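Work through the following exercises with the coordinates open. Each task is followed by a solution in steps.

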Amino acid sequence: MSKRIEIKDLDIYYGKFHAVSGVNMTIQPRSVTAFIGSSGCGKSTVLRSINRMHEVIDGAYSTGQVLLDGVDLYGPGVDPVRVRRQVGMVFQRPNPFPTMSIRENVLAGVRLNNSKVTRPQAEEIVEKSLQAANLWKEVKDRLDRPGSGLSGGQQQRLCIARAIAIAPDVVLMDEPCSALDPISTLAIEDLIHQLKEEYTVVIVTHNMQQAARVSDQTAFFNLKEQGKPGELIEVASTEKIFHNPDQKATEDYITGRFG
Amino acid sequence: MTADTVTDPPGAPGALRRTSRQIGDVVFKGFSTGSGITILVLLAAVATFLVGMSIPALTADAADLPFGDFWAYVAPYAFGTVWAAALAMLFAVPLSVGIALFLTHYAPKRVRQIFGYIIDLLAAVPSVVFGLWGINVLAPLMRPLFVWLNQYLGWIPFFAGPVSGTGRTILTAAVVLAVMVLPIITAMCREVFTQTPRLHEEAALALGATRWEMIRQAVLPFGMPGIVSGCMLGLGRALGETMAVAMVLSPAAVINVHLLTSSNPNTIAANIALAFPEAYQLGVNQLIATGLVLFVITLAVNMTARWVVARRKEFSGAN
Amino acid sequence: MNPLTAGRLPRFTEPALLVVCLVVTTAALSVLNAGNPGVIIIVGALLFLLVSFALATSVEGVRHAKDRLAAHVVTGFFLIALAPLVSLAWGTVSAGLARMDVKFFTYSMRNVIGEGGGAVHAIWGTLIITGMATLISVPIGLMTAIYLVEYGARHRLASAIRFFVDVMTGIPSIVAGLFAYTLFSLFFGPGTKVGIAGAVALSVLMIPTVVRSTEEMLRLVPNELREASYALGVPKWRTIVKVVLPTSLAGIITGVVLSIARIIGETAPLLVTAGMNQSLNTNPFDSPMATLPVFVYYQYVTPGIPQDPYHARAWAGALTLILIVMLLNLVGRLISWKFAPKPGR
């Protein structure tokens, strides 16, 4: 249930604004890839292009290819709704649906895709997803309470459970810990380690220690200069990026001499 | 925070003492508080005068009243008021919610504001103009539809005959009312729909929801309290609307649910407008008493709305 | 087989389908001899909804079909709402233009029977009564809003005022009229109909809207500004007058203009308070005063014989009224647009 992602010559535009230019990279299945770089360099945009969420903004379009096990997400006849079903996403701030209970939140995606889920099936999905999100023990007695009553870290894990309940191939995370305290952050990082057993995980982070801790591969994005589109400067194993990067810009950023 | 916190420390030099500046503060605060109290007094006066003028009509002997027994007199109008408003809401609510969705989630971004402004224009049209339009333009257009409805669905009591020859029936009045309250409800819905947190919308889309599924999962539940209060606002307007109904409806003092005939239950407000200029003595009291009944009805609607919204607020968890 | 692709209807399908449905309906209905354009559009649109839903279900699946159906219905609703607006605008302009002449704006109805005459007395009446209502409402509304935002904070009185302002918003306009009528009957004898009574009635309707919009605007002023001013030793009332009010002035004016636009078309309360007058009366404290909405109403419902000149005057009055209201709305929006802080990107 885990797929390889290949990005080829990807350019992303918001109307006339050229956000990202010429991205090429491969992401292996069952691995964690971290996107790092200063604000506004397009790393979130590239992440969102992997499940076509950037198209939510009016006027956004892209050229080039994003291949999921060889299938182009931008090919003719591709339905963005189906893409998103296979590529799940977790956002910067936890966003459980406020009007739904914990159980309904987990099942939200499942119900969209298959209206005829029997009760036992639903229970199984809820338990399995919450277990996988390390949340089951904490919430199993209050599945019918609103999801918004949980702490920030729990809410974020609920969102992860919701994303994996539909059994996606890839899980994208857009700075999933930026709104959380250190302890919740640690819980999420542990979870990311577990998730890569089953999923291809891509995570955007501002926190370099976090990238070093959780990822197998790291991609560094940057603006060539102010006003130019963001570019992928370097992508390599996390080990190499943090200890022996090829590019000077990467080294400057890693060592804090930059941005 | 207030200027009052600048107190005089014991034995402080004169520079820290209250000066004429503080007198300015006292006066200004007095004026603003006084204005607030004026509003309370005004409202109390409205209630007192209405009740005071109604009492003679409520206590007088039915034989002395120009329009006969008060409760028998007001009943058909109270029914008409609620009935016409309910019909109007039946048309206006789904339309308004739909239009608000169109304006916030479907229309091309560049024209959303212009389209919104166009709908707002409807709210700016004075009710007397709606009345003119209702009689002259809408009623003749509705008549063929009425004939058709009566011909094929006449066995349903709502569409029973004989069909009005002018088209000036309660259904036409309800359509006019619907057009009048539509921009009010739309405006409120539009506001809450645009406030739907982007995060929730994206959460639904990222789960693989279509636009409509996203709306059902994120936008509508979030906007529910706003929709309800918008509807109540519209309902209040529909209940109290006077001129459009007074002009469009060919009125009678009856209670029935026939939508297409020329004997329609009039509304309280429209009846006052029609009967007031010619009323005298106890008749005036009696009409004012019907106005009081209308006030109570609208007040009840308003209170219900506030209650519903306050109750829903705890559930919505909007942050 | 690509798992990400679903059957997609080509882009041109829907417009083409709509045209086909309308053509088919036109043909079918003219055969049945029911070629009313309104009926054709309704039946054609329903047919289109049905066919496009069926087609989308078979090609794209039921979820996408529902999505498309929702989009069509919602767009349809918007178009339905445009219909009365267009019809109303067209009806008023076409019927009103006939009497939009110099005479209409220079003559009253004094001694006029049948043709001729004008609405100058009603226009003056509307301006005077609305002006007086504004003079009463704006100071009270403005000061109340200042109390609510700057002084009241969590006082009991403030929450009581806020609650009753809400109640006041819900007062039906005819009830406001009855109140003013009662008030003046009590002090100046039964059946007193004067312009000022109309102004009082309109004030009851206008005050809550002024309070609401002003309160909203005052709340938008950031607290840092107030604190900065206090820190300089400026007393509170001067802070309000010199810092808070100027910052929110554009918004407050917009609110006032829009609330004037709302009450200027009120008919029912003026009907029972200011009454009707065939002559120009500029004294709001003596004898009934004609107003434009009431003028329109009486010209239409109590015409002389022949009716046509009366109805033409009614429509011309309606058109004038709409133009005034539109102008006020435009001015209000222009003010808020001109002075509003521009949102970024």
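A crossing is left-handed if the near helix is turned anticlockwise from the far one by less than a right angle, and right-handed if clockwise. Helices (H or I, at least four residues) and strands (E, at least two) are DSSP runs, numbered from the N terminus. The model is predicted: local features need pLDDT of at least 70 and side-chain atom pairs pLDDT 80 or more, while totals for chains, interfaces and linings use all residues. Residues are numbered from 1 along each chain as its sequence is written, with chains lettered from A and ligands numbered from 1 in the order in which they are written.

**Exercise 1.** Describe how H6(C) and H8(C) pack.

Step 1. For helix H6 (residues 156–169) and helix H8 (residues 195–220) of chain C, the angle is about 130° and the axes are 8 Å apart.

Step 2. Classify the angle: under 35 degrees is roughly parallel, over 145 roughly antiparallel, 65 to 115 roughly perpendicular, and the rest oblique. H6(C) and H8(C) are therefore oblique to each other.

Step 3. Their crossing is left-handed.

Step 4. List the contact residues (C-beta atoms, placed from the backbone, within 7 Å). H6(C) supplies Val165(C), Met168(C) and Thr169(C), and H8(C) supplies Ile207(C), Pro208(C), Val211(C) and Arg212(C).

Step 5. Sort by class: Ala, Val, Leu, Ile, Met, Phe, Trp, Tyr, Cys and Pro are nonpolar, Asp, Glu, Lys and Arg charged, and the others, Gly among them, polar. The contact of H6(C) with H8(C) has five nonpolar, one polar and one charged residues.

**Exercise 2.** How many residues does each of chains C and B bring to their contact?

Step 1. Chain C contributes 67 residues and chain B contributes 64 residues.

Step 2. On the side of chain C that touches chain B, helix H3 (residues 62–96) gives the most, with 19 residues.

Step 3. That side of chain C has 51 nonpolar, twelve polar and four charged residues.

How values were computed:
Two residues are in contact if their C-beta atoms, placed from the backbone, lie within 7 Å. Axes are lines fitted to C-alpha atoms, for helices over the stretch in contact, and angles run from 0 to 180 degrees between N-to-C directions.
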